[in-house]
Amino acid sequence: MGGQAAGAVLPEDHDYALWEKRVDALMVLCSSKGYFTVDGLRRAIEDMGEEAFETMSYYERWVAAVNQNMIETGAYSLAELGERMELIKARGNTYGEAADA
Amino acid sequence: MPHDHHEDDFHHSGMSPSGHPYREDDDRPLTYWQTMEIAMREILIEKGILTPAEIARQIDEMDSRSPANGAAVVARAWVDPDFRHRLLNDASEASREMGFDIGPLRLIALENTADTHNIIVCTLCSCYPRNLLGLPPDWYKSRAYRSRVVREPRKVLAEFGVTLPDSTTIRVHDSTADMRYIVLPRRPDGTESMSETELAALVTRDSMIGVGLPKSPD
């Protein structure tokens, strides 16, 4: 993306939400334990294509990329993830409710 | 109607019109990606790959890192020529000397001088001296900054309120996964009598990214 045309740099920032901090921690811990490298993370993000950059937030792309790498490395399966996500959705309608198992 | 935009926000998955994430609070509707985070974390804990304590500690460590750490390093370099030399030689080691955990990454300090100004970016993703400065601001990760700063740095600087003489050379440094940069800004004039602690208060985050200058005294 370096060198491409783009709009003004808006001096925006936000406080990170807990779920974003957790994604960050999962990335750092799993990569430091050797499950993937930063290059693996970036490859997964780049594979998502242009549209993901427009429609997903930063940590949404990260959680998808960490998950992709962890499944590829065999830490857990797509089926395990899917089953767990269904269980979590049944716990409540907000992050706070669903994250408290 | 305090929540009249709630539904709308939800359908945009937390994105603002400019492509930046909204703040997501715990009482907002659960999103698909949040559900994935919870699921992944629980599975990794159950399989013994991670512990809850490790995750909590990592979050605490990241929260404790802030631009104040980098400011302390810069101020030390301004008052101690030997330290400045060590910093420019090996910024990771010099930062560790001050008690900051830099991790395995190679950190390189870029010194601004009377005729050269340095700016850092990561055009590929969002590499940032996070172990020293904490997590990057949203704009550092934005498409606009990453695309434009390498092509028209003076225009981008102007948008941050910084105008440099045409005679100043601007160098833009593109970070990589294994190599991070931090800018060592110039010590402002009129600060000769200031203490190291007072000097550190002049050093802003943006001045260590290179899109700002240190504050002036008083």
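Leaving aside neighbours within four places in sequence, which residues is E97(A) in contact with? I started my notebook here, and I found R91(A) and G92(A). A reminder to myself before going on: this is a predicted model.

**Entry 1: around E97(A)**

I looked up where E97(A) sits, and it belongs to helix α6 of chain A, residues 95–99.

**Entry 2: chain A as a whole**

I stepped back to chain A and listed six helices and zero strands. Read from the N terminus, the order of elements is simply α-α-α-α-α-α. For the extents of the C-alpha trace along its principal axes, I wrote down about 45 × 30 × 25 Å. Chain A has 101 residues, and 34% of them count as buried. I then took the contacts in chain A between residues at least 6 apart in sequence, and 55% of these join residues at least 24 apart.

**Entry 3: two helices of chain A**

Helix α2 of chain A covers residues 38–47, and it packs with α4(A) at an angle of about 115°, the axes being 8 Å apart. I recorded the crossing of α2(A) past α4(A) as right-handed. Which residues meet there, from α2(A) and from α4(A)? On the α2(A) side I found G40(A), L41(A), A44(A) and I45(A). On the α4(A) side I found R61(A), A65(A), V66(A), Q68(A) and N69(A). Sorted by class, this contact has five nonpolar residues, three polar and one charged.

**Entry 4: the largest nonpolar core**

V66(A) came up again when I turned to the largest nonpolar core, which has 72 residues. V66(A) and V74(B) are the members that touch the most others in this core. Helix α4 of chain A, residues 58–72, gives the most to the core, with eight residues. Why does the core lie between domain 1 and domain 2 of chain B? I noted that domain 1 (6–63) and domain 2 (66–209) both give residues to this core, so it lies between them. I kept the background in mind: nonpolar side chains in soluble globular proteins tend to be buried together. I also looked up the contacts of V74(B), again leaving aside neighbours within four places in sequence, and found L184(B), P185(B), V203(B) and M208(B).

**Entry 5: chain B**

For chain B I listed 11 helices and four strands. Chain B has 218 residues, and buried ones make up 39% of them. Of the contacts in chain B between residues at least 6 apart in sequence, 65% join residues at least 24 apart.

**Entry 6: where the chains touch**

Last, I looked at the contact of the two chains, which takes 58 residues from chain A and 56 residues from chain B. On the side of chain B that touches chain A, α2 (32–46), α3 (52–64), α8 (143–148) and α9 (153–159) each supply at least two residues. Which helix gives the largest share of that side? I found α2(B), with 12 residues. By class, I noted 26 nonpolar, 11 polar and 19 charged residues on the side of chain B that touches chain A.

Technical notes
Residues numbered from 1 in each chain as written. Chains lettered and ligands numbered in written order. Predicted model: local features only at pLDDT ≥ 70, side-chain atom pairs only at ≥ 80, totals over all residues. Contact = placed C-beta atoms within 7 Å. Nonpolar A, V, L, I, M, F, W, Y, C, P; charged D, E, K, R; others polar. Core = buried A, V, L, I, M, F, W, Y, C linked by C-beta atoms within 7 Å. Buried ≥ 20, exposed ≤ 12 C-beta atoms within 10 Å, placed from the backbone. Domains from an automatic or database assignment. Axes fitted to C-alpha atoms, helices over the stretch in contact; angles between N-to-C directions. Left-handed = near helix turned anticlockwise from the far one by under 90°.
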